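Me: Please take a close look at a single part of this model, the aromatic rings, and treat it as one connected account with the cut-offs spelled out.

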Amino acid sequence: MNLPSSYPASPRSRVRRLPKRGSQERALIYEILDAHFLCHIGYVIDGQPYVTPTGYWRHGDSLYWHGSAASRMLRSQAAGIPVCLTVTLLDGLVMARSGFHHSVNYRSVMAYGQARKIEQPDEKQAAVEAYIERLYPGRNAGLRPINRQELKATTVLGMAIEEASAKVRTGPPVDDDPDYDLPIWAGVIPVRQIVGAAVPDRRLKNGTARPAHLASYGEGAVLDEVLSRNAKAGG
Ligand SMILES: Cc1cc2nc3c(=O)[nH]c(=O)nc-3n(C[C@H](O)[C@H](O)[C@H](O)COP(=O)(O)OP(=O)(O)OC[C@H]3O[C@@H](n4cnc5c(N)ncnc54)[C@H](O)[C@@H]3O)c2cc1C
C-alpha cells in the first residue's frame, strides 16, 4: 500500500514552537526512527502518567517494543491505550554568546498511536526476531531458537503510527545581532555515540569466532550510522 508522503498535521502533532524545525514528512520520520533503537513511551493508566524508556523497532508504518507496565492495562483492554513514543538523537552542544541562546543540535520524533498487545505466537515470534534482525542483520540464523516459555514470558506491544512529527536542529548558534561583536567563544561541539572494541564473553566456547554479521559494529563506528544501515539491511 502506498502511504501518503506526510503524516496528517493535527493540533496534537503540528509543531508550533519553532515550526521551521518541525516536519510531518514520513521519510524524515522513518530516517530518525531507524537511526536509533531507544525511546521513551508515554501513556496514562488510571490518571497516572508513565514514561518508560525502552528499546523499539520499526516495521513498515508500525512501531514495536517489549512489554512495559502498559501491558497490564492492555490485558483487559483489547482496544489498546493511546501512547506517545519519542525518540531523541543528540548531535551537538551549541554554545552562544548569551546563556539564553545556548541550544543543542538534535533529531527527534514524537509518534502517536494505540498500543496493542501482540498475542498471536507466530506474530510475536516474528516481531522479536525482527528486533534482533534490525539490530544485527543475519544474526537470527545462527542463534539457538526462542522456545515456548521464552516467548510466553515476553510481552510484545505494537502500534500503527497514526500521526508523527519530527523536529530537527542543525547548525551554529543563533545570537542577537549586537552580541556577535562580543569576544565570547561560541560554536558547536559535535556529539556522537561511538562503538567501542568488542569484549568477547569469558565463557565463549574455544575457537568461536566473531561472526561476519557483526562487521558493522567495528570499533570506532558511529552508532546511529550503523543502526540506519542495519535497519535497511534487516528490514
Ligand atoms: C535534545 C533536545 C533538547 C531540547 N531542549 C530544549 C530546551 O532546553 N528548551 C526548550 O524549550 N525546548 C527544547 N527542546 C525542544 C522540545 O522538544 C520542544 O519542541 C519544545 O520545548 C516545545 O514544546 P511544546 O510542547 O511547546 O511544542 P509544540 O510545538 O506546542 O508541540 C506541538 C507538537 O509538536 C510536536 N513536537 C514538539 N516538539 C517536538 C520534538 N522535539 N520532536 C518531535 N516533535 C515535536 C509534537 O507532536 C507536539 O505535540 C529540545 C529538544 C530536544 C530533542
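Aromatic rings

Reply: Tyr50, with a relative accessibility of 32%, counts as partly exposed, a class that lies between buried (under 20% relative accessible area) and exposed (over 50%), computed with a 1.4 Å probe on protein chains only. The model is predicted, so local features need pLDDT of at least 70 and side-chain atom pairs count only at pLDDT 80 or more, while totals for chains, interfaces and linings use all residues. Residues are numbered from 1 along each chain as its sequence is written, and side-chain values use heavy atoms, leaving out hydrogens and water.

Tyr43, by contrast, is buried at a relative accessible area of 3%. Rings of Phe, Tyr and Trp (its six-membered ring) pair when their centres lie within 6.5 Å, and planes under 30 degrees apart are called stacked, over 60 edge-to-face and the rest tilted. That rule gives four aromatic pairs. Among them, Tyr43 and Tyr50 are stacked, with 5.7 Å from centre to centre and 15° between the planes. Trp57 and Tyr131 have ring centres 4.3 Å apart and planes at 15°, so this pair is stacked too. It joins distant parts of the chain, 74 residues apart, with Trp57 in strand β3 (residues 48-59) and Tyr131 in helix α3 (residues 121-135); helices (H or I, at least four residues) and strands (E, at least two) are DSSP runs numbered from the N terminus.

Arg26 lies over the face of Tyr7 at 4.1 Å from the ring centre, and the charged end of Arg58 is over the ring of Tyr30, 3.9 Å from its centre.

Key
Lys NZ or Arg CZ within 6 Å of the ring centre and 35° of its normal.
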